[in-house]
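Here's a quick briefing to read alongside the structure. Have the sequence and the model open as you go.

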Amino acid sequence: MFEPKIVAFFCTWCTYTAADLAGTARMQYAPNARVIRVMCSGRIDPQFVLDAFRKGADGVLLGGCHPGDCHYQEGNYKALRRYHLLQQLLKQMGIEKERLRLEWISASEGDKVKQVIDEMTETLRKLGPLTIMENTQETLVQAASIS
């Protein structure tokens, strides 16, 4: 059975802390996500997302503080703008929109981390592995070098 690979970029103050809470509470969730901690969701460069897809991720999950609760004031709004830009770019490349997901998860929402990772894993199982055609691969490389 196909098991998707998810790269998860989590804000250190909220979503990463929630993932840590889920772990210490021994919540069982799909082991498909590899978490990368960033200081703020606003620091997630679109190149990171494109590189994750280029290097074999079947999906990318972005997690940050709820709007209005960002430790860096407006970082999550910056992440939201980049998310919408990436959605359009991936659509043009023929990559399904469900492969990229943005979630606002506060530090106390360990159960939401579990729910989101489980849902995304199930969605990606239904979609199957990401197959990037040669021209899409080149486009990803070019787009990653521009951003």
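Met 39 sits in the loop that links strand 2 (33-38) to helix 2 (46-54); helices (H or I, at least four residues) and strands (E, at least two) are DSSP runs numbered from the N terminus. This is a predicted model, where local features need pLDDT of at least 70 and side-chain atom pairs count only at pLDDT 80 or more, while totals for chains, interfaces and linings use all residues. Numbering starts from 1 along each chain as its sequence is written, and side-chain values use heavy atoms, leaving out hydrogens and water.

**Surface and burial**
- Met 39 is partly exposed because its relative accessibility is 41% (buried is under 20% relative accessible area, exposed over 50%, partly exposed in between, with a 1.4 Å probe and protein chains only).
- Thr 121 belongs to helix 4 (residues 110-127) and is buried, at 1% relative accessible area.
- Thr 121 touches Pro 4, Ile 6, Ala 30 and Asn 32, leaving aside residues up to four places away in sequence (contact means heavy atoms within 4.5 Å).

**Salt bridges**
- The count is eight salt bridges, each a side-chain nitrogen of Lys or Arg within 4 Å of a carboxyl oxygen of Asp or Glu.
- Asp 51 pairs with Arg 54 at 3.4 Å, N to O; the two are three residues apart in helix 2, so about one helical turn separates them.
- Asp 51 is buried at 17% relative accessibility, whereas Arg 54 is partly exposed at 28%.
- Arg 99 and Glu 96 meet at 2.7 Å, N to O, with Arg 99 buried at 1% and Glu 96 partly exposed at 30%.
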